[in-house]
Amino acid sequence: MTLSYYPGCTLKTKAKNLEDSAIAAMEALGMELVELPRWNCCGTVYSFAGDEELHQLAPVRNLIRVKETGSDKVATLCSFCYNTLKRADLLVRNNPDKMHTLNTFMEEEIDYEGDVDVVHLLEVLRDDVGWDAIAEKVQKPLEGLKVAPYYGCTLLRPEDIAIDDVERPTIMHDLLKTIGCNVVDFPYATECCGSYQIISNPDFVSQRAWDILSSAVRRKADAIVLTCPLCDANLGQTQKEFIEKRSDFTGIPILYFTQLLALALGLDPEVCRFELNYVDPRPLLESKGLLRQ
Amino acid sequence: MRTEISTETLYSDFVKKVEEISEQKLLSCYQCGKCSAGCPMCFAMDLLPNQIIRLAQLGQEDDIARANTIWICASCITCSVRCPRGVDLARVMEALRLIEARKNVDHVEIPDIPKETIAELPQLAMVGGFRKLTA
């Protein structure tokens with residue numbers, strides 16, 4: 001089975017660990033992620049402006065690229081890409097006049113008609129593969145690993161594009177339980193990490209990161225598991241400062257859900273590209289006996 | 001400081017513009033404060049999100065422009081999903097940012113971002129930030 005896949009900018013650089021582990025894990029589950037032959041920036045942050053459509057061009061163009069491959073469904077790995085593509089699709093579906101404006105502007109392209117379904121890989125795992133099928137393929141249950149799932153914002157808000165319950169999501173909990181992890185709930189699971197404010201107000205983001213990280217540590221989590229490359233950076237690169245300044249904090253690895261999935265499916269840990277994680281998770285995984293083939 | 005609230009401020013072009021860009025009815029807000037209660041960035045804001053929408057209702061453009069609030073908002077949309085009146089406050093915040101940004105003023109000094117930060121951050125942090133905080 002194949003599925004069209006939209007990577008986005010960060011998956012090709014900083015979050016190569018997310019991309020490589022996802023492709024390998026999906027292959028092990030019998031699904032090939034086929035990258036779109038052409039794609040452009042998703043727009044990164046969804047534009048809320050009601051009086052102009054300019055910023056919807058980038059995401060809609062990507063949906064046209066999906067149509068060109070003959071597919072009516074595209075999967076994303078990055079939470080931001082999911083949000084912008086999904087919301088742009090919903091906007092034009094609900095506003096035929098805006099869809100017409102965009103199509104007229106892009107007259108060299110085939111028309112977009114709201115005919116591509118945008119999904120996040122977590123949804124594919126839940127709805128197309130299924131927890132039971134994943135459980136059957138687990139070679140190495142991640143027993144003894146206590147993980148706190150962190151959802152962030154863009155997979156859950158606003159409500160009309162949420163992949164799960166807005167306030168109490170369980171989709172990542174369910175996946176992590178399926179692969180044998182000990183899942184820890186923590187109150188910051190759906191709270192914002194500070195997002196793009198890292199470029200203009202890094203101190204405030206640092207404060208957000210500390211609140212989130214320290215809460216997970218208090219809940220005795222060994223690691224935080226997430227989907228978003230920006231959350232990963234905000235929760236990961238801030239830790240250097242905390243480790244230096246706070247004697248009671250020794251760091252907590254941040255992992256992509258796909259890295260743990262790949263490990264549980266018995267794949268070579270090399271596909272997880274752990275060297276790209278901001279906080280090296282290998283000592284932790286080694287101590288739990290999870291890196292041995 | 002003198003604050004003028006009159007029919008001119010209540011029905012000002014500013015109020016119309018905010019409602020047009022955000023596609024929200026400002027007067028739907030009844031000031032319960034739920035948005036501010038759940039805002040993850042409000043610890044850093046001069047004025048709370050509910051105070052911003054109150055000022056917007058009253059056409060107090062200058063008070064809003066003086067506060068850092070709209071530039072601290074991270075567009076996490078928590079306020080919007082929790083509003084009991086169905087006001088999409090994240091869109092109101094964006095409208096207020098756009099009114100300022102369309103005056104061609106940036107709210108992040110790109111040359112001041114340390115090189116190490118640029119090297120360490122994912123592209124989406126940069127592109128996302130520039131999209132929300134620059135003209």
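Predicted model: local features only at pLDDT ≥ 70, side-chain atom pairs only at ≥ 80, totals over all residues.
Chain A comprises twelve helices and eight strands. Its radius of gyration is 19 Å, close to the 19 Å that the globule rule gives for 293 residues, so chain A is as compact as a globular protein of that length. Along the principal axes, the C-alpha atoms occupy a box of roughly 60 × 45 × 30 Å. Buried residues account for 52% of the 293 residues of chain A. Of the contacts between residues at least 6 apart in sequence, 77% link residues at least 24 apart.

Within the pair, Leu3(A) has Leu33(A) of β2(A) as its bridge partner.

Helix α7(A), residues 171-178, is largely enclosed by the rest of the structure, because six of its eight residues are buried. These are Ile171(A), Met172(A), His173(A), Leu175(A), Leu176(A) and Thr178(A). The elements covering the buried residues include both helices and strands of chain A. Among the helices are α5 (121-129), α6 (131-137) and α11 (257-264); among the strands are β5 (146-149), β6 (182-183) and β7 (223-226). Just after α7(A), Gly180(A) adopts a positive phi of about 95°.

Note on methods
Residues numbered from 1 in each chain as written. Chains lettered and ligands numbered in written order. Pairing = 2+ DSSP bridges. Helix = DSSP H or I, 4+ residues; strand = E, 2+ residues; numbered from the N terminus. Buried ≥ 20, exposed ≤ 12 C-beta atoms within 10 Å, placed from the backbone. Contact = placed C-beta atoms within 7 Å. Rg over C-alpha atoms; globule rule 2.2 N^0.38 Å.
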